[in-house]
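Have the sequence and the 3D view open as you read.

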Amino acid sequence: QVQLVESGGGLVQPGGSLRLSCAASGSILSVNAMAWYRQAPGKQRELVARITSGGRTNYADSVKGRFTISRDNAKNTVNLQMNSLKPEDTAVYYCNAHLITYTHYEFDAWGQGTQVTVSS
């Protein structure tokens, strides 16, 4: 069984910073791309940032220059450093990982989500 566990959400004032972390555990043979998505109330889930196993990254235009995604391949973890936060960043943030298990089952795993609220 594979599990993604997120941490680091919370309430922050506009202009502040938060760091989200996500750890993948279980019967994992390899982890390919890892990503963060978010979903605000009444909106569709959207990609925030993605990082390949080789370290190549891409970001949503709305977060470029403010957010940084990173990963530790040895620990199967991915982080999202969020700076200069804005009220429009308020959403539930989800960790995503494209995994291959020891039984060679390949799939996209999701975390349970962590709330980020940017408000004064």
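What follows looks at one strand, its partners, some rings and one alanine.

This is a predicted model, where local features need pLDDT of at least 70, side-chain atom pairs count only at pLDDT 80 or more, and totals for chains, interfaces and linings use all residues. Residues are numbered from 1 along each chain as its sequence is written, and side-chain values use heavy atoms, with hydrogens and water left out.

Let's start with strand β11, residues 114-118. Strands here are DSSP runs of E, at least two residues, numbered from the N terminus. In a regular strand the side chains alternate between the two faces of the sheet. Here Thr114, Val116 and Val118 point to one face and are buried (buried means under 20% relative accessible area with a 1.4 Å probe, protein chains only).

β11 pairs with β2 (residues 10-12) in the parallel sense and with β9 (residues 91-101) in the antiparallel sense; pairing takes at least two DSSP bridges. Valine 12 has valine 118 as its bridge partner, while tyrosine 93 stands opposite threonine 114.

| Charge | Ring | Distance to ring centre |
|---|---|---|
| Arginine 45 | Tyrosine 94 | 3.7 Å |
| Arginine 45 | Tryptophan 110 | 4.8 Å |

Finally, alanine 97 is in strand β9. Alanine 97 counts as buried because its relative accessibility is 0%. Beyond its neighbours within four places in sequence, alanine 97 has contacts (heavy atoms within 4.5 Å) that include Leu4, Val31, Met34 and Phe107.

Terms used
Buried < 20%, exposed > 50% of the residue type's maximum accessible area, 1.4 Å probe, protein only. Helix = DSSP H or I, 4+ residues; strand = E, 2+ residues; numbered from the N terminus. Lys NZ or Arg CZ within 6 Å of the ring centre and 35° of its normal.
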